[in-house]
Amino acid sequence: MSKYAVETSFLGHRVPKEVKLLVKQLKTTKSDEYSTSIDSVVSYLEEGVVPDFKKLDPAKSRILFAGFYCILRLALRHKDLLENTFVAVLKDLSFSDQVIEELVKHLYKKNLASTSRNEHFPEKFTDVDWRLDVVLSNQHLAKVLQPEVMLEIKMENKEGVTLKLSQQEFHALRHSTARILHDMCQLRDKKFIQSK
């Protein structure tokens, strides 16, 4: 892979295993087979329709679907991905011009990004309210004194989620959140992730 493709690759720092398998499989795949597979991936991304691969060999169809899904899904995550960059990365991976043309047709000409059902994934929090309740007693015991944390999370789409956590569950959530924040800080400090 050229230096240009590594620096600008929408596929990430390493080429995903699904894409490597796809490149090998395409050497023995007919144009109608990969076209059918790309169409299936596009309909899955747009409408969530699970493809039916009865016409194709199951092992081959899984490799084709997984590889094309991986490419299109990663490309959709980069909203500012230019067509010439997309093409250059795929050419560096030895994709044929016909396969690249088919992918470009769906991604840029038919504007897959605007119709993808996962365009706004994931939902974001807009507000979090919390409350601490203490259970004094229940139907089994007269004196319990058990703390419970109530979290009310409001999402971007105006839906709300309410969580009721015991003390142990709240501590597990708190520790997991702290670990994720720590890992994110470490990733931010890595040179290959820093923005220019």
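This note covers salt bridges and strand pairing in a predicted model.

1. Ground rules. Residues are numbered from 1 along each chain as its sequence is written, and side-chain values use heavy atoms, with hydrogens and water left out. As the model is predicted, local features need pLDDT of at least 70 and side-chain atom pairs count only at pLDDT 80 or more, while totals for chains, interfaces and linings use all residues.

2. Salt-bridge count. The total is 6 salt bridges. The term takes a side-chain nitrogen of Lys or Arg within 4 Å of a carboxyl oxygen of Asp or Glu. Side chains of opposite charge can pair when their charged atoms come close.

3. Glutamate 102 and lysine 105 form a salt bridge, at 3.4 Å from N to O. Both belong to helix 6 (residues 97–109) and sit 3 residues apart, about one turn of the helix. Helices here are DSSP runs (H or I, at least four residues), as are strands (E, at least two), numbered from the N terminus. Glutamate 102 is buried at 14% relative accessible area. Lysine 105 is partly exposed at 31%. The classes are buried under 20% relative accessible area, exposed over 50% and partly exposed in between (1.4 Å probe, protein chains only).

4. The cross-strand pair. Aspartate 129 and lysine 154 form a salt bridge, with their closest N and O atoms 3.5 Å apart. Aspartate 129 is in strand 1 (residues 125–135) and lysine 154 in strand 2 (residues 146–155), so this pair ties together parts 25 residues apart in sequence. Both ends are partly exposed: aspartate 129 has a relative accessible area of 35%, and lysine 154 has 37%.

5. Aspartate 133 and arginine 131. Their side chains meet in a salt bridge at 3.1 Å, N to O. Aspartate 133 is partly exposed, with a relative accessible area of 22%. Arginine 131 is also partly exposed, at 40%.

6. Strands 1 and 2. These two strands pair antiparallel over 10 bridges. Pairing requires that DSSP find at least two bridges between two strands. Which residue of strand 2 is the bridge partner of valine 134? Proline 147 is that partner.

7. Strands 2 and 3. Isoleucine 153 stands opposite valine 161 of strand 3. The two strands form a hairpin with 4 residues between them. Check lysine 158 in the turn: its phi is positive, about 75°.
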